[in-house]
Amino acid sequence: MIFSKDYVSYLARQTSKHLVATKMIKTDKPAVVDQRLSAALIEELALEDRINDEVRVILEAFQDDMLKTGASYPEMFKKVKQELARKYKAVL
């Protein structure tokens, strides 16, 4: 993940404060809202890490074929990542 968990928690707190201040949400337990927002943000940000791991596994399986054909690893990484993002309906 590109952000630390502390920073994501901070973003969640600031987001919930803003939502309450603009009266978009109403809550008696802001700490619970903060925790849930933080968990949702962490889950969403970790999706790209999981996709990157899956791309590495896929490219490792085709490593010999890529060497024979002269395919560029970074180029193939980008293409496979785009396909997986489309498959998982992720916005990266």
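Helix 2 buries Asp34, Ser38, Ala46, Leu47, Ile51, Asn52, Val55 and Leu59. The model is a predicted one. The cover over these buried residues of helix 2 includes helix 1 (5–21), helix 3 (63–69) and helix 4 (73–87).

**Helix 2**

- Helix 2 runs over residues 30–61, which is 32 residues.
- From first C-alpha to last, helix 2 reaches 47 Å, close to the 46 Å expected at 1.5 Å a residue.
- A kink of about 25° is centred on Ala46, and Ala46 is also one of the buried residues of the helix.

**Nonpolar core**

- The largest nonpolar core has 10 residues in all: Leu47, Ile51, Val55, Leu59, Met66, Phe77, Val80, Leu84, Ala85 and Ala90.
- At least two residues of this core come from helix 2, and at least two from helix 4.
- Leu47, Ile51, Val55 and Leu59 of the core are also among the buried residues of helix 2.
- In soluble globular proteins, nonpolar side chains tend to be buried together.
- Val80, a member of the core, is in contact with Val55, Ile58 and Leu59 when its neighbours within four places in sequence are left aside.
- Of these contacts of Val80, Val55 and Leu59 are listed in the core as well.

- The whole structure contains five salt bridges, and three of them are described here, including the pair Glu48 and Lys81.
- In the pair Glu48 and Lys81, the closest N and O atoms are 2.8 Å apart.
- Glu48 has a relative accessibility of 29% and so counts as partly exposed.
- Lys81 is buried, with a relative accessible area of 17%.
- Side chains of opposite charge can pair when their charged atoms come close.

- Lys79 pairs with Glu75 in a salt bridge, with 3.5 Å between the closest N and O atoms.
- Both residues of the pair Lys79 and Glu75 lie in helix 4, four residues apart, or about one turn of the helix.
- Lys79 is partly exposed, with a relative accessible area of 45%, and Glu75 counts as partly exposed at 45% relative accessibility.
- Arg86 forms a salt bridge with Glu83, and the closest N and O atoms are 2.5 Å apart.
- Arg86 and Glu83 are three residues apart in helix 4, so about one helical turn separates them.
- Arg86 counts as exposed at 54% relative accessibility, whereas Glu83 counts as partly exposed at 47%.
- An α-helix has 3.6 residues a turn, so residues three or four places apart point the same way.

**Residues with positive phi**

- Lys23 has a phi near 60°, a positive value in a residue other than glycine.
- Lys23 is found in the loop between helix 1 and helix 2 and counts as exposed at 74% relative accessibility.
- Lys89 has a phi near 55°, again a positive value in a residue other than glycine.
- Lys89 sits in the segment after helix 4 and is exposed, with a relative accessible area of 76%.

Methods. Residues numbered from 1 in each chain as written. Predicted model: local features only at pLDDT ≥ 70, side-chain atom pairs only at ≥ 80, totals over all residues. Heavy atoms only, no water. Expected span 1.5 Å × (residues − 1). Bend = angle between axes of the 7 residues up to and from the residue. Buried < 20%, exposed > 50% of the residue type's maximum accessible area, 1.4 Å probe, protein only. Contact = heavy atoms within 4.5 Å. Salt bridge = Lys/Arg side-chain N within 4 Å of Asp/Glu carboxyl O. Core = buried A, V, L, I, M, F, W, Y, C linked by side-chain atoms within 4.5 Å.
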